[in-house]
Amino acid sequence: MQRLIVAALLSAASASCLAQWETSGQLRAQWDEARAADAGPLAMANSIAPGTAPVSSGGATLQSELHASRPGFNAVLTLQSKHAQGGATHSAAWFNELVLSHDAGPWQFALGRKVVAWDVGYGFRPNDTVQQEERRSFASSTPKGRPLLMAEHFDADTAWSLVWVNPTAARAQQGAQEPALAARVYRRDGALDWHGFARLGAHTGAGIGAALAWVATDALELHGSWRYQRRLDTRGMAVTDALLRGNPWQAATVDNAQQLLVGGTWTNASQLSILAEAWWDGAALSDAQWRDWGLRNQRLAALQGKGPPGSAIAGNLAWQADAFGAASNLRRGNLFLHLSWQNGAWQPALDMLYTPADGGRLLTASLLWQGDRVSVQGGVRAAAGPHGAVLRQLPNQLQQYVNATWAF
């Protein structure tokens, strides 16, 4: 009898412990394909020496996302198997979040890998200084959080956040991996949401920012964001006409950089929504740098048949594509328009990113059907504009995908 009582107590304790856990997940199957651009440095490199810079043509992906949480703990694990079209299969696993937390009344503390997304913009977020999430991704997915220590304080109208991001990373790390202290204060004032930001990076130094979101009417919302940073990471090169033995694009910084965004959203009673934004990114390459980049591309291509080996010319052209990753935006000035409609289970959307400096356009269309547990989505993205436009010279001119997701 005593053993039965002990077993019953252990069983009840185990059930109570398990009852505190909340688990969920989703399984996604996706097919995507892409068509390489016929303009730009990679296209020129491959025309001179085929295979110098292989461009992804797409493939199939099977991905599972598992969520587990209980008071004081949260984990999001992704398991992925990806088969490249005409290539091999690669598998990977990572934690999007793995965080311990403590609730101390008005104070909240967190330690681990966590997604902390700040700022008010849609197409670009100047003050997303912790997560630094890639915006306008083609097929959306859960971002991978950053290692951090965080303390927050809340009251009825105000929230304070202090984050030490990448606390164990080397000081020389750049971009989203740079060790930094970041702070945010948020205050709600009726229809106005005020945000203030500060950041101190290990090598980028100090910066400040501010943002405002205003719900003007039931249909109209307006927002804006501004940031100043002593230095911002980018990439650069010394312009040269010579063939080089190594990649000329190296890490660099932009001093006294400013970023600015203004925008608004209008939504009617039929759930038709129009978002318009304009932004300036002082970390992006300047017009003069892009002009020099284009001239170097032309001069390298003109060397074909004039003595230098084709492989050397193609390799130098392939290195020119590193300019695409210099900053989160290609051009400093950008205009963005996004239209979406919620009609029952259906959600179609269209958007366009436009760069006035060179007439480049990035056009995206998507359609989502959302059921109780199953969703099906597809989309297509095309780069357009003059051949000299930077967007037109990206590695892929056309991308498309379709996926199905089952939530459990």
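Analyst: Before we start on the sheet, one term: two strands pair if DSSP finds at least two bridges between them. Also, this is a predicted model.

User: Fine. How many bridges join strand 1 to strand 2, and are they parallel or antiparallel?

Analyst: Strand 1 (residues 22-36) and strand 2 (residues 58-70) run antiparallel, and 12 bridges join them.

User: Which residue in strand 2 is the bridge partner of Gln26?

Analyst: Glu65 is the bridge partner of Gln26.

User: And how many bridges does strand 1 make with strand 18?

Analyst: Strand 1 pairs with strand 18 (residues 396-407) over 11 bridges, in the antiparallel sense. As an example, Gln30 has Asn403 in strand 18 as its bridge partner.

User: Where is Leu394 found?

Analyst: Leu394 is in the loop between strand 17 (374-384) and strand 18.

User: Is Leu394 buried or exposed?

Analyst: Leu394 counts as buried because its relative accessibility is 19% and the cut-off is under 20%.

User: What does Leu394 touch?

Analyst: Leaving out residues up to four places away in sequence, Leu394 touches Ala37, Phe324 and Leu330.

User: Which residues of the largest nonpolar core touch the most other members?

Analyst: Trp290, Phe324 and Leu330 do, in a core of 30 residues. Helix 2, strand 13, helix 3 and helix 4 each supply at least two residues of this core. Helix 4 gives the most, with 4 residues. Apart from this core lies another, of 15 residues, including Val99, Val116, Met150 and Ala213.

User: How far apart are Leu394 and Val99 in space?

Analyst: Leu394 and Val99 are 37 Å apart, C-alpha to C-alpha. In sequence they are 295 residues apart.

User: Back to helix 4. Which residues in helix 4 are buried?

Analyst: Helix 4 covers residues 310-319, and its buried residues are Ile313, Ala314, Gly315, Asn316, Leu317 and Ala318.

User: What do the buried residues of helix 4 pack against?

Analyst: They pack against helix 2 (41-48) and helix 3 (287-302).

User: Which element gives the most to the lining of the second largest pocket?

Analyst: Helix 3 does, with 8 residues.

User: What classes of residue are in that lining?

Analyst: The lining of the second largest pocket has 6 nonpolar, 7 polar and 3 charged residues.

User: How many cavities of 30 Å³ or more does the structure hold?

Analyst: The structure holds 1 such cavity, and the volume of the largest cavity is about 30 Å³.

User: Which residues line the largest cavity?

Analyst: Its lining is Asn127, Thr129, Phe197, Ala198, Arg199, Gly207, Ile208, Gly209, Arg227 and Gln229. Strand 9 (192-201), strand 10 (205-215) and strand 11 (220-236) each supply at least two of the lining residues. By class, the lining has 3 nonpolar, 5 polar and 2 charged residues.

User: On strand 11, is Gly224 buried or exposed?

Analyst: Gly224 lies in strand 11. At 18% relative accessibility, Gly224 counts as buried. Leaving out residues up to four places away in sequence, Gly224 touches Val120, Ala210, Ala211, Leu212, Leu261 and Val262.

User: What separates the C-alpha atoms of Gly224 and Gly121?

Analyst: 7.2 Å separates them, with the two glycines 103 residues apart along the chain.

User: Last topic, backbone. What is the phi of Asp119?

Analyst: Asp119 has a positive phi of about 90°, although Asp119 is not a glycine. Asp119 sits in the loop between strand 5 (107-114) and strand 6 (146-154). Asp119 is also buried, with a relative accessible area of 10%.

User: What about the phi of Gln271?

Analyst: Gln271 is another residue other than glycine with a positive value, near 65°. Gln271 is in the loop between strand 12 (250-267) and strand 13 (272-281). Gln271 counts as partly exposed, at 42% relative accessibility.

Conventions: Residues numbered from 1 in each chain as written. Predicted model: local features only at pLDDT ≥ 70, side-chain atom pairs only at ≥ 80, totals over all residues. Heavy atoms only, no water. Buried < 20%, exposed > 50% of the residue type's maximum accessible area, 1.4 Å probe, protein only. Contact = heavy atoms within 4.5 Å. 1 Å grid on protein atoms, 1.4 Å probe; cavity = no way out; pocket = protein on both sides within 12 Å on 5 of 7 lines; lining within 4 Å. Points joined across faces, edges and corners; volume = space filled by probe spheres on them. Nonpolar A, V, L, I, M, F, W, Y, C, P; charged D, E, K, R; others polar. Core = buried A, V, L, I, M, F, W, Y, C linked by side-chain atoms within 4.5 Å.
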